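Here are a few exercises to work through with the viewer open. Try each one yourself before reading the solution.

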Amino acid sequence: MSDVEVSGVSKRYDELWAVKRVSFTAPAGSFTSLLGPSGCGKTTTLRLIAGFAALDEGEVRIGGRPVDDLPPWRRNLGVVFQNYALFPFMTVFDNVAFGLRRRKVPRGETAERVAEVIDLVGLPDLAQRYPRQLSGGQQQRVALARALVIRPEVLLLDEPLSNLDAKLRAEMRFELKRIQRETGVTSIFVTHDQEEALTLSDQIVVMNLGTVAGAAAPKAIWEQPESAYVADFLGIENLFPGTVGAAAGPDEPVAVSVDDGAAVLRAAADRAPGSAVVLGIRSGDIAMRRSEGAGAAEEPNFLDGAVREFTYVGSAVVYQVDCPDLPAPLIVTAQQDFAIGDRVRLRLPPESIKLLRPEAPPDRSGDRP
(Lines give C-alpha, C1' and ligand atoms only; values in the text may rest on other atoms or scores of the structure.)
Protein backbone atom coordinates (compact mmCIF):
# COMPACT_ATOMS: atom_id res chain seq x y z
CA MET A 1 0.00 0.00 0.00
CA SER A 2 1.25 3.47 -0.89
CA ASP A 3 -0.02 6.94 -0.22
CA VAL A 4 -0.49 9.51 -2.98
CA GLU A 5 0.62 13.11 -2.45
CA VAL A 6 -0.68 15.69 -4.91
CA SER A 7 1.14 18.96 -4.25
CA GLY A 8 0.16 22.17 -6.03
CA VAL A 9 -0.44 20.52 -9.41
CA SER A 10 -1.59 22.65 -12.33
CA LYS A 11 -2.50 21.96 -15.94
CA ARG A 12 -3.28 24.59 -18.55
CA TYR A 13 -4.70 24.15 -22.05
CA ASP A 14 -4.09 27.32 -24.05
CA GLU A 15 -5.64 30.09 -21.93
CA LEU A 16 -7.76 27.83 -19.74
CA TRP A 17 -6.68 26.35 -16.44
CA ALA A 18 -8.08 22.82 -16.26
CA VAL A 19 -6.46 22.32 -12.84
CA LYS A 20 -4.86 25.03 -10.73
CA ARG A 21 -2.68 24.35 -7.68
CA VAL A 22 -4.57 21.30 -6.48
CA SER A 23 -3.22 19.67 -3.32
CA PHE A 24 -4.43 16.68 -1.30
CA THR A 25 -3.10 13.43 0.13
CA ALA A 26 -4.70 10.02 -0.29
CA PRO A 27 -3.40 7.97 2.67
CA ALA A 28 -2.14 4.44 2.08
CA GLY A 29 -5.01 1.94 1.92
CA SER A 30 -7.69 4.63 1.82
CA PHE A 31 -10.50 5.38 -0.63
CA THR A 32 -10.53 9.02 -1.78
CA SER A 33 -13.23 10.46 -4.04
CA LEU A 34 -12.76 13.50 -6.26
CA LEU A 35 -16.28 14.95 -6.38
CA GLY A 36 -17.61 17.75 -8.54
CA PRO A 37 -19.61 18.71 -11.63
CA SER A 38 -18.46 18.27 -15.21
CA GLY A 39 -15.55 20.56 -16.03
CA CYS A 40 -14.35 20.98 -12.45
CA GLY A 41 -10.97 19.31 -13.11
CA LYS A 42 -11.43 15.98 -11.36
CA THR A 43 -10.66 13.77 -14.39
CA THR A 44 -7.73 15.98 -15.37
CA THR A 45 -6.35 15.55 -11.85
CA LEU A 46 -6.67 11.77 -12.20
CA ARG A 47 -4.90 11.90 -15.57
CA LEU A 48 -2.05 13.89 -14.03
CA ILE A 49 -1.64 11.25 -11.31
CA ALA A 50 -1.69 8.49 -13.91
CA GLY A 51 0.80 10.24 -16.19
CA PHE A 52 -1.61 10.51 -19.12
CA ALA A 53 -1.05 14.30 -19.08
CA ALA A 54 2.06 16.27 -18.19
CA LEU A 55 2.14 18.66 -15.24
CA ASP A 56 2.69 22.36 -15.82
CA GLU A 57 3.34 22.91 -12.13
CA GLY A 58 3.54 20.93 -8.88
CA GLU A 59 4.44 17.37 -8.01
CA VAL A 60 2.87 13.94 -7.60
CA ARG A 61 4.43 11.42 -5.19
CA ILE A 62 3.43 7.79 -4.79
CA GLY A 63 4.79 6.04 -1.73
CA GLY A 64 6.99 9.08 -1.11
CA ARG A 65 8.63 8.82 -4.56
CA PRO A 66 8.25 11.54 -7.23
CA VAL A 67 6.67 10.02 -10.34
CA ASP A 68 6.37 13.06 -12.62
CA ASP A 69 9.19 11.88 -14.87
CA LEU A 70 7.86 8.31 -15.15
CA PRO A 71 5.61 7.18 -18.03
CA PRO A 72 2.23 5.68 -17.03
CA TRP A 73 3.33 2.06 -17.42
CA ARG A 74 6.18 2.55 -14.91
CA ARG A 75 4.02 4.05 -12.14
CA ASN A 76 2.46 0.69 -11.14
CA LEU A 77 -1.09 2.00 -11.27
CA GLY A 78 -4.33 0.22 -12.06
CA VAL A 79 -6.84 2.29 -14.04
CA VAL A 80 -10.55 1.64 -14.57
CA PHE A 81 -12.01 3.84 -17.30
CA GLN A 82 -15.58 5.13 -17.64
CA ASN A 83 -16.20 3.05 -20.77
CA TYR A 84 -14.32 -0.03 -19.38
CA ALA A 85 -12.10 -0.23 -22.54
CA LEU A 86 -12.33 -4.03 -22.79
CA PHE A 87 -10.95 -5.78 -25.86
CA PRO A 88 -14.05 -7.13 -27.65
CA PHE A 89 -12.16 -9.96 -29.38
CA MET A 90 -10.67 -11.30 -26.13
CA THR A 91 -12.33 -13.49 -23.50
CA VAL A 92 -12.73 -12.35 -19.92
CA PHE A 93 -9.64 -14.39 -19.01
CA ASP A 94 -7.54 -12.85 -21.75
CA ASN A 95 -8.72 -9.30 -20.98
CA VAL A 96 -7.75 -9.71 -17.34
CA ALA A 97 -4.44 -11.41 -18.22
CA PHE A 98 -3.42 -8.71 -20.71
CA GLY A 99 -1.34 -6.63 -18.28
CA LEU A 100 0.45 -9.66 -16.88
CA ARG A 101 1.38 -10.90 -20.34
CA ARG A 102 2.76 -7.49 -21.26
CA ARG A 103 4.88 -7.73 -18.13
CA LYS A 104 6.02 -11.23 -19.21
CA VAL A 105 4.74 -12.91 -16.05
CA PRO A 106 5.15 -16.72 -16.34
CA ARG A 107 2.12 -18.54 -17.75
CA GLY A 108 1.43 -20.57 -14.59
CA GLU A 109 1.54 -17.53 -12.33
CA THR A 110 -0.64 -15.58 -14.79
CA ALA A 111 -3.33 -18.28 -14.74
CA GLU A 112 -3.25 -18.39 -10.95
CA ARG A 113 -3.48 -14.63 -10.48
CA VAL A 114 -6.21 -14.22 -13.10
CA ALA A 115 -8.31 -16.97 -11.50
CA GLU A 116 -7.84 -15.35 -8.09
CA VAL A 117 -8.93 -11.88 -9.17
CA ILE A 118 -11.86 -13.12 -11.30
CA ASP A 119 -13.10 -14.93 -8.22
CA LEU A 120 -12.58 -11.75 -6.14
CA VAL A 121 -14.91 -9.77 -8.42
CA GLY A 122 -17.51 -12.54 -8.46
CA LEU A 123 -17.15 -13.88 -12.03
CA PRO A 124 -15.56 -17.34 -11.60
CA ASP A 125 -17.81 -19.04 -14.17
CA LEU A 126 -17.49 -16.41 -16.92
CA ALA A 127 -13.78 -16.58 -17.73
CA GLN A 128 -14.33 -17.83 -21.32
CA ARG A 129 -17.08 -15.39 -22.27
CA TYR A 130 -16.57 -12.34 -24.46
CA PRO A 131 -17.51 -8.77 -23.41
CA ARG A 132 -20.52 -8.78 -25.77
CA GLN A 133 -21.91 -11.72 -23.75
CA LEU A 134 -21.77 -9.79 -20.46
CA SER A 135 -24.06 -7.29 -18.78
CA GLY A 136 -22.85 -3.79 -17.99
CA GLY A 137 -22.20 -4.72 -14.37
CA GLN A 138 -20.21 -7.79 -15.39
CA GLN A 139 -18.12 -5.75 -17.83
CA GLN A 140 -17.40 -3.28 -15.04
CA ARG A 141 -16.16 -6.14 -12.85
CA VAL A 142 -13.90 -7.40 -15.62
CA ALA A 143 -12.38 -3.93 -16.00
CA LEU A 144 -11.82 -3.82 -12.24
CA ALA A 145 -10.24 -7.28 -12.26
CA ARG A 146 -7.90 -6.27 -15.09
CA ALA A 147 -6.74 -3.25 -13.05
CA LEU A 148 -6.25 -5.28 -9.86
CA VAL A 149 -4.48 -8.32 -11.31
CA ILE A 150 -1.20 -6.42 -11.76
CA ARG A 151 -1.23 -5.71 -7.99
CA PRO A 152 -0.99 -1.94 -8.36
CA GLU A 153 0.18 0.41 -5.65
CA VAL A 154 -2.73 2.71 -6.48
CA LEU A 155 -6.09 2.12 -8.17
CA LEU A 156 -7.54 5.00 -10.22
CA LEU A 157 -11.24 4.89 -11.16
CA ASP A 158 -12.79 7.39 -13.59
CA GLU A 159 -16.58 7.32 -13.04
CA PRO A 160 -16.73 3.53 -13.56
CA LEU A 161 -20.36 3.26 -12.42
CA SER A 162 -21.83 6.02 -14.59
CA ASN A 163 -23.01 3.67 -17.37
CA LEU A 164 -25.01 1.41 -15.03
CA ASP A 165 -28.69 1.70 -14.14
CA ALA A 166 -29.65 3.00 -10.69
CA LYS A 167 -30.22 -0.39 -9.04
CA LEU A 168 -27.00 -1.88 -10.39
CA ARG A 169 -25.04 1.21 -9.43
CA ALA A 170 -26.22 0.84 -5.84
CA GLU A 171 -25.22 -2.83 -5.81
CA MET A 172 -21.83 -2.14 -7.35
CA ARG A 173 -21.03 0.50 -4.73
CA PHE A 174 -21.11 -2.18 -2.05
CA GLU A 175 -19.09 -4.56 -4.22
CA LEU A 176 -16.49 -1.92 -4.98
CA LYS A 177 -16.16 -1.04 -1.31
CA ARG A 178 -15.82 -4.72 -0.37
CA ILE A 179 -13.15 -5.33 -3.00
CA GLN A 180 -11.19 -2.24 -1.98
CA ARG A 181 -11.24 -3.28 1.66
CA GLU A 182 -10.19 -6.84 0.87
CA THR A 183 -7.30 -5.77 -1.35
CA GLY A 184 -6.29 -2.74 0.73
CA VAL A 185 -5.21 -0.87 -2.41
CA THR A 186 -5.08 2.92 -2.20
CA SER A 187 -7.93 4.10 -4.42
CA ILE A 188 -8.80 7.45 -6.02
CA PHE A 189 -12.29 7.61 -7.50
CA VAL A 190 -13.73 10.32 -9.77
CA THR A 191 -17.48 10.94 -9.55
CA HIS A 192 -20.12 13.66 -9.89
CA ASP A 193 -22.51 11.67 -7.66
CA GLN A 194 -22.53 12.78 -4.02
CA GLU A 195 -24.20 9.55 -2.88
CA GLU A 196 -21.43 7.47 -4.45
CA ALA A 197 -18.77 9.61 -2.79
CA LEU A 198 -20.44 9.41 0.63
CA THR A 199 -21.00 5.64 0.34
CA LEU A 200 -17.52 4.67 -0.77
CA SER A 201 -15.05 7.15 0.62
CA ASP A 202 -12.75 7.59 3.55
CA GLN A 203 -12.07 11.10 2.23
CA ILE A 204 -13.95 13.36 -0.18
CA VAL A 205 -12.19 16.11 -2.13
CA VAL A 206 -14.78 18.51 -3.60
CA MET A 207 -13.53 20.36 -6.69
CA ASN A 208 -14.72 23.57 -8.31
CA LEU A 209 -13.33 25.14 -11.50
CA GLY A 210 -10.00 23.35 -11.26
CA THR A 211 -9.41 23.96 -7.56
CA VAL A 212 -10.09 22.15 -4.28
CA ALA A 213 -13.18 23.67 -2.64
CA GLY A 214 -13.10 21.41 0.41
CA ALA A 215 -11.74 18.09 1.66
CA ALA A 216 -12.73 15.98 4.66
CA ALA A 217 -14.13 12.63 5.78
CA PRO A 218 -17.70 11.99 4.53
CA LYS A 219 -19.38 12.59 7.90
CA ALA A 220 -17.44 15.80 8.51
CA ILE A 221 -18.00 17.27 5.07
CA TRP A 222 -21.70 16.35 5.18
CA GLU A 223 -22.34 17.81 8.62
CA GLN A 224 -19.96 20.77 8.45
CA PRO A 225 -19.34 21.85 4.85
CA GLU A 226 -16.78 24.62 4.57
CA SER A 227 -18.50 26.87 2.06
CA ALA A 228 -21.74 27.58 0.26
CA TYR A 229 -20.41 25.84 -2.87
CA VAL A 230 -19.58 22.61 -1.00
CA ALA A 231 -22.93 22.72 0.81
CA ASP A 232 -24.81 23.21 -2.44
CA PHE A 233 -23.04 20.33 -4.13
CA LEU A 234 -23.64 18.05 -1.14
CA GLY A 235 -27.37 18.63 -1.34
CA ILE A 236 -28.22 21.46 1.04
CA GLU A 237 -31.23 22.72 -0.88
CA ASN A 238 -31.90 25.99 0.96
CA LEU A 239 -29.17 28.63 0.78
CA PHE A 240 -29.72 32.32 1.58
CA PRO A 241 -27.11 35.11 1.86
CA GLY A 242 -27.28 36.88 5.19
CA THR A 243 -25.54 39.07 7.75
CA VAL A 244 -24.72 38.03 11.31
CA GLY A 245 -26.14 40.14 14.12
CA ALA A 246 -25.78 39.86 17.88
CA ALA A 247 -26.37 36.82 20.08
CA ALA A 248 -29.16 36.90 22.68
CA GLY A 249 -26.60 36.12 25.38
CA PRO A 250 -23.48 34.05 26.11
CA ASP A 251 -23.64 30.63 24.46
CA GLU A 252 -26.91 31.61 22.78
CA PRO A 253 -27.64 31.37 19.02
CA VAL A 254 -26.72 34.39 16.93
CA ALA A 255 -29.32 36.36 14.98
CA VAL A 256 -28.85 36.35 11.22
CA SER A 257 -30.73 38.72 8.92
CA VAL A 258 -31.55 37.25 5.53
CA ASP A 259 -30.47 39.57 2.72
CA ASP A 260 -33.32 40.85 0.52
CA GLY A 261 -35.85 39.47 3.00
CA ALA A 262 -37.46 40.35 6.32
CA ALA A 263 -36.58 37.10 8.10
CA VAL A 264 -34.25 37.11 11.11
CA LEU A 265 -33.23 33.58 12.07
CA ARG A 266 -31.30 32.27 15.04
CA ALA A 267 -28.37 29.94 14.28
CA ALA A 268 -26.20 27.97 16.68
CA ALA A 269 -22.87 29.13 15.32
CA ASP A 270 -19.98 31.26 16.52
CA ARG A 271 -19.67 34.12 14.02
CA ALA A 272 -18.71 37.74 14.61
CA PRO A 273 -21.45 40.37 14.23
CA GLY A 274 -21.41 41.93 10.77
CA SER A 275 -20.02 38.83 9.07
CA ALA A 276 -21.40 38.03 5.63
CA VAL A 277 -22.53 34.41 5.52
CA VAL A 278 -24.78 32.04 3.62
CA LEU A 279 -27.45 30.34 5.71
CA GLY A 280 -27.94 26.72 4.73
CA ILE A 281 -30.52 24.20 5.88
CA ARG A 282 -31.49 20.83 4.46
CA SER A 283 -35.08 20.30 3.41
CA GLY A 284 -35.49 17.36 5.78
CA ASP A 285 -34.50 19.44 8.83
CA ILE A 286 -37.45 21.82 8.46
CA ALA A 287 -40.64 20.99 10.35
CA MET A 288 -43.90 21.86 8.56
CA ARG A 289 -47.49 21.90 9.81
CA ARG A 290 -50.71 23.59 8.83
CA SER A 291 -50.88 27.24 9.82
CA GLU A 292 -53.10 27.96 12.82
CA GLY A 293 -53.81 31.56 11.86
CA ALA A 294 -53.39 34.16 9.17
CA GLY A 295 -50.95 36.35 11.11
CA ALA A 296 -47.20 36.30 10.69
CA ALA A 297 -45.21 33.94 12.87
CA GLU A 298 -43.63 35.82 15.78
CA GLU A 299 -41.79 32.96 17.50
CA PRO A 300 -38.06 32.66 16.75
CA ASN A 301 -37.25 30.60 13.66
CA PHE A 302 -40.90 30.14 12.67
CA LEU A 303 -42.06 31.28 9.25
CA ASP A 304 -45.46 31.30 7.62
CA GLY A 305 -45.92 30.40 4.00
CA ALA A 306 -48.04 28.77 1.34
CA VAL A 307 -47.40 25.62 -0.68
CA ARG A 308 -46.48 26.55 -4.25
CA GLU A 309 -45.67 23.10 -5.68
CA PHE A 310 -44.84 19.56 -4.60
CA THR A 311 -43.20 16.39 -5.92
CA TYR A 312 -43.81 12.87 -4.69
CA VAL A 313 -40.49 10.98 -4.36
CA GLY A 314 -41.70 7.69 -2.89
CA SER A 315 -40.55 7.85 0.73
CA ALA A 316 -41.68 11.45 1.21
CA VAL A 317 -43.03 14.55 -0.53
CA VAL A 318 -40.83 17.49 -1.47
CA TYR A 319 -42.63 20.84 -1.20
CA GLN A 320 -41.80 24.27 -2.55
CA VAL A 321 -43.10 26.83 -0.07
CA ASP A 322 -43.41 30.58 -0.64
CA CYS A 323 -42.54 32.59 2.47
CA PRO A 324 -43.12 36.38 2.41
CA ASP A 325 -40.06 36.95 4.65
CA LEU A 326 -37.63 35.10 2.34
CA PRO A 327 -36.34 36.17 -1.07
CA ALA A 328 -36.91 32.71 -2.59
CA PRO A 329 -39.08 29.65 -1.87
CA LEU A 330 -38.05 27.11 0.76
CA ILE A 331 -37.65 23.45 -0.18
CA VAL A 332 -39.15 21.19 2.50
CA THR A 333 -39.29 17.40 2.69
CA ALA A 334 -42.20 16.05 4.76
CA GLN A 335 -44.29 12.94 5.31
CA GLN A 336 -47.63 14.80 5.58
CA ASP A 337 -49.87 15.58 2.63
CA PHE A 338 -50.47 19.21 1.71
CA ALA A 339 -52.16 20.71 -1.32
CA ILE A 340 -51.07 23.60 -3.49
CA GLY A 341 -52.15 26.83 -1.78
CA ASP A 342 -52.29 25.38 1.75
CA ARG A 343 -51.13 27.80 4.43
CA VAL A 344 -48.34 26.26 6.49
CA ARG A 345 -46.06 27.17 9.38
CA LEU A 346 -42.39 26.18 9.22
CA ARG A 347 -39.82 25.79 11.97
CA LEU A 348 -36.12 26.03 11.16
CA PRO A 349 -34.21 24.60 14.17
CA PRO A 350 -31.21 26.83 15.10
CA GLU A 351 -28.97 23.79 15.45
CA SER A 352 -29.77 22.72 11.87
CA ILE A 353 -28.90 26.07 10.27
CA LYS A 354 -25.35 26.21 8.97
CA LEU A 355 -23.55 29.50 8.55
CA LEU A 356 -21.38 29.01 5.50
CA ARG A 357 -18.56 30.96 3.95
CA PRO A 358 -19.68 32.79 0.81
CA GLU A 359 -17.51 31.63 -2.05
CA ALA A 360 -16.99 33.27 -5.40
CA PRO A 361 -15.85 31.04 -8.28
CA PRO A 362 -12.04 30.92 -8.40
CA ASP A 363 -10.27 32.77 -11.21
CA ARG A 364 -8.49 30.39 -13.58
CA SER A 365 -7.51 32.85 -16.25
CA GLY A 366 -4.87 35.17 -14.85
CA ASP A 367 -1.65 33.59 -13.63
CA ARG A 368 0.69 31.51 -15.72
CA PRO A 369 2.39 28.55 -14.11
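Two residues are in contact when they have heavy atoms within 4.5 Å. Keep in mind that this is a predicted model.

**Exercise 1. Get an overview of the protein.**

Step 1: Start with the elements. The protein has eight helices and 20 strands.

Step 2: Look at the dimensions. Along the principal axes, the C-alpha atoms fill a box of roughly 80 × 45 × 40 Å.

Step 3: Turn to the contacts. Take those with a separation of 6 or more: 66% of them are between residues 24 or more positions apart.

Step 4: Finish with burial and surface. There are 369 residues, and 49% of them count as buried. The protein exposes about 17400 Å², with carbon and sulfur atoms supplying 50% of that.

**Exercise 2. Work out which sides of helix H3 are buried and exposed.**

Step 1: Check the geometry. H3 runs over residues 107-120, and its 14 residues reach 20 Å from first C-alpha to last, close to the 20 Å expected.

Step 2: List the buried residues. They are Thr110, Arg113, Val114, Val117, Ile118 and Leu120. These cover an arc of only 150° around the axis, so they sit on the same side of H3.

Step 3: Find the packing partners. The buried residues of H3 pack against helix H2 (92-102), helix H4 (136-148) and helix H5 (166-183).

Step 4: See what comes next. Glycine 122 follows H3, and its phi is positive, near 80°.

**Exercise 3. Decide how enclosed helix H1 is.**

Step 1: Name the buried residues of H1: Lys42, Thr44, Thr45, Leu46, Leu48, Ile49 and Ala50.

Step 2: Seven of the nine residues in H1 (residues 42-50) are buried, so the helix is largely enclosed by the rest of the structure.

Step 3: Look just past the end of H1, where glycine 51 has a positive phi of about 90°.

**Exercise 4. Describe some of the aromatic pairs and the charges over rings.**

Step 1: Count the pairs. With ring centres within 6.5 Å as the cut-off, there are seven aromatic pairs.

Step 2: Classify one of them. The ring centres of phenylalanine 87 and phenylalanine 89 are 5.9 Å apart with the planes at 45°, so this pair is tilted. Phenylalanine 87 is partly exposed at 26%, while phenylalanine 89 is exposed at 59%.

Step 3: Classify another. Phenylalanine 310 and tyrosine 319 also form a tilted pair, 6.0 Å centre to centre with 45° between the planes. Phenylalanine 310 is partly exposed at 37%, but tyrosine 319 is buried at 1%.

Step 4: Look for a cluster. Phe87, Phe89 and Phe98 form one.

Step 5: Arginine 132 lies over the face of tyrosine 130, at 4.9 Å from the ring centre. Arginine 282 lies over the face of tryptophan 222, at 3.5 Å from the ring centre.

Terms used:
Residues numbered from 1 in each chain as written. Predicted model: local features only at pLDDT ≥ 70, side-chain atom pairs only at ≥ 80, totals over all residues. Heavy atoms only, no water. Helix = DSSP H or I, 4+ residues; strand = E, 2+ residues; numbered from the N terminus. Expected span 1.5 Å × (residues − 1). Buried < 20%, exposed > 50% of the residue type's maximum accessible area, 1.4 Å probe, protein only. Arc of directions from axis to C-beta. Phe/Tyr/Trp six-rings, centres within 6.5 Å; stacked < 30°, edge-to-face > 60°. Lys NZ or Arg CZ within 6 Å of the ring centre and 35° of its normal. Areas by Shrake-Rupley, 256 points an atom, 1.4 Å probe, with all protein chains shown as cover.
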